[in-house]
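This briefing goes through a few residues of one structure, grouped by topic. The sequence and the coordinates are shown first.

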Amino acid sequence: MQMSSRMKNLLTPVIAVLLGVLVGTIIMIVSGYDAIAAYTALWNGAFGDVYFVGEVVRQVTPYILAGLAVAFAFKTGLFNIGVEGQMLVGWVAAVWVGVSFDLPRIIHLPLAVLAAGVAGALWAFIPGYLKARFRVHEVIVTIMLNHTALYVTNEIIRSVLSDGKERTDMIAESASLRSPFFEVLTDYSRMHWGITIAIICAIIMWFILEKTTTGFELRAVGFNEHASQYAGMNVKRNIILSMVISGVFAGLAGAMEGLGTFGYAAVKGGFTGVGFDGIAVALLGGNTAIGVILAAILFGGLKVGALNMPLEAGVPNELVDIIIALIIIFVASSYIIRWFIDRISKKGVK
Amino acid sequence: MGFMDILQIVIPSTLLWAAPLILTALGGIFSERSGVVNIGLEGLMVIGAFTGIVFNLETVQVFGNWTPWVALLVAALVGALFSLIHAVATISFRADHTVSGVAINLLAVGVALFLVKLIYDKGQTDIIQKGFRKIDIPFLSDIPIIGPIFFSNTYWTSYVAIIIAIIAWFIVFKTPFGLRLRSTGEHPMAADTMGINVTKMRYIGVIISGALGGLGGAVYAQSISSDFSHATISGQGFMALAAMIFGKWHPLGAMGAAIFFGFAQSLSIIGNSLPFLQNVPSVILLIAPYILTILALTGFIGRADAPKASGTHYIKGSR
């Protein structure tokens with residue numbers, strides 16, 4: 001029986017994850033570590049306690065949004081590596097609103113979240129516009145803008161949002177996403193209301209792409225630019241729109257960190273990594289809304305659980321970074337995985 | 001402070017910062033000219049820096065003053081091996097080049113830090129005893145005017161990088177091998193028709209980029225940072241990528257761009273000691289390389305076009 005393509009689409013990421021874990025296990029055994037103890041520590045550190053579950057949700061929140069950002073652009077055939085930079089500008093924009101105003105919560109919080117989305121959108125508009133107008137490849141522009149965002153936001157934090165200090169003040173209570181309810185529920189983890197925003201955004205992405213004319217056009221441009229042009233769609237407008245919406249998701253991921261997890265913005269020596277992990281999330285999730293949520297849970301669990309590995313099993317937490325990188329390589333190499341599935345399922349017939 | 005004094009500070013510092021960028025950007029050129037996009041340059045530099053430092057620390061008793069040079073060779077070798085992952089994924093397994101490159105970057109940091117913790121049981125290595133030191137180049141430093149500016153208080157590695165750039169230019173543009181390499185990056189089907197093994201050429205391109213990226217990382221680690229931690233390589237690989245584009249995929253152009261970016265980087269560090277730069281915010285110098293690259297791509301500073309088939313898979317028999 002030939003396997004359906006839908007089945008293959010589901011099987012490929014699962015095989016990629018298993019291969020990643022397998023290679024990770026081999027690395028541990030070769031390095032002389034106790035792999036079983038390491039995975040036990042990983043599991044306990046992610047789901048062993050309500051506190052850890054809360055922390056996983058906290059980590060999953062920006063992962064979902066970063067993953068949605070990458071996935072959304074991907075649907076229009078664009079590769080947004082700039083999620084990291086768009087997230088940083090969103091983070092600082094949200095904190096900026098959070099520290100400079102004193103408003104009732106019902107206005108302040110939405111305003112801060114909105115500012116993050118707008119900042120991310122503006123930052124993503126640049127590569128979108130340059131792609132549409134000058135045919136400049138968005139990958140290079142977004143990489144360059146990541147670094148620009150890092151240095152510019154650092155400068156803003158130092159000279160605008162504080163007097164030469166390394167971090168801003170805490171945001172006003174009225175702009176915070178913190179939730180005493182979740183905190184009590186999860187033994188005082190940093191879990192916050194952001195998760196609801198992330199899930200709403202996933203639904204919005206699904207709705208835009210699958211249920212609206214705009215979404216159809218965006219996907220059409222991704223499938224075949226020339227055919228879309230011929231059919232009367234405005235390709236340039238759709239490219240810019242796709243990047244801008246992607247940037248909104250990325251900016252919101254920054255708001256999750258700025259308004260929820262940390263409550264401030266600090267000068268950074270390097271990238272947070274959330275934007276790049278978003279690429280992994282989107283790829284593993286097959287660029288679909290539900291896939292992104294599932295992949296974000298997996299990677300969020302891995303990342304948070306990893307912190308427990310050095311404590312309980314003496315294994316460096318970087319092992320999880322290795323596993324995540326391997327999973328990306330295996331998903332990207334899905335051609336070869338599919339080829340194997342084909343070979344095996346054909347043999348089954350004979 | 002006289003103009004000569006300023007030049008004597010700025011030029012050696014510029015060349016110091018430029019050397020790793022030149023080498024890594026050249027690596028990018030070999031890969032992209034063969035048709036494989038290599039976003040993983042950053043990761044290759046990480047591996048090179050890690051290998052260089054660890055090898056230096058472990059064998060300094062054996063090799064003495066030659067340790068940093070031997071470490072460079074080992075780092076190039078390990079970089080080449082590491083880049084094989086990218087080569088296999090993109091060329092043989094038809095993985096998206098950009099995705100694989102991103103994964104290479106994540107993998108490199110993960111592997112390097114994992115091994116640092118495994119070997120030294122802490123997050124960063126010790127500081128190396130024998131790194132590249134400031135030297136006066138014999139004879140050349142005695143030339144009046146030019147000598148003190150270009151050949152005093154400088155580093156061997158800067159000149160090695162410049163010489164390698166000239167060699168790379170010769171290889172890419174003046175040898176049959178270079179012509180074949182470029183043809184697989186411009187039009188692989190035509191190259192295949194002429195009997196060139198596209199897969200082989202692309203593997204070679206990526207492996208050379210791994211060796212040069214590893215070299216760049218090891219030069220950086222042994223002349224600038226002197227140890228290895230998570231922050232040793234933070235963006236230099238992407239800056240090298242920018243230099244490659246700004247130099248329009250041409251070895252000498254990339255060298256020029258890398259020297260210019262090295263200049264910007266060194267100014268952002270030593271700028272405070274220069275009278276005319278005290279009022280320029282360092283953020284302007286930090287972001288200058290990236291902004292200039294975007295402008296170059298947009299066509300404001302002469303249009304930069306990538307090799308035509310760069311980033312595509314070549315599948316025999318398909319049109």
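I106(A) has a relative accessibility of 72%, so it counts as exposed, the cut-off for that class being over 50%. The model is a predicted one.

**Exposed nonpolar surface**
- A nonpolar patch on the surface includes I106(A), together with F101(A), I107(A), L111(A), L114(A), V118(A) and L122(A).
- The accessible area of these patch residues together is about 690 Å².

**T61(A)**
- Helix α3 of chain A, residues 50–75, contains T61(A).
- Leaving aside residues up to four places away in sequence, T61(A) touches H192(A), G194(A), I195(A), A198(A) and M256(A).

**D277(A)**
- D277(A) sits in helix α12 of chain A, which spans residues 274–284.
- Residues up to four places away in sequence aside, the contacts of D277(A) are Y63(A) and K303(A) in chain A and L106(B) in chain B.
- D277(A) and V83(A) are 194 residues apart along the chain, and 9.7 Å separates their C-alpha atoms.

Notes: Residues numbered from 1 in each chain as written. Chains lettered and ligands numbered in written order. Predicted model: local features only at pLDDT ≥ 70, side-chain atom pairs only at ≥ 80, totals over all residues. Heavy atoms only, no water. Patch = residues over 30% accessible without salt bridge, like charges linked within 9 Å, V, L, I, M, F, W, Y side chains within 5 Å. Areas by Shrake-Rupley, 256 points an atom, 1.4 Å probe, with all protein chains shown as cover. Salt bridge = Lys/Arg side-chain N within 4 Å of Asp/Glu carboxyl O. Buried < 20%, exposed > 50% of the residue type's maximum accessible area, 1.4 Å probe, protein only. Helix = DSSP H or I, 4+ residues; strand = E, 2+ residues; numbered from the N terminus. Contact = heavy atoms within 4.5 Å.
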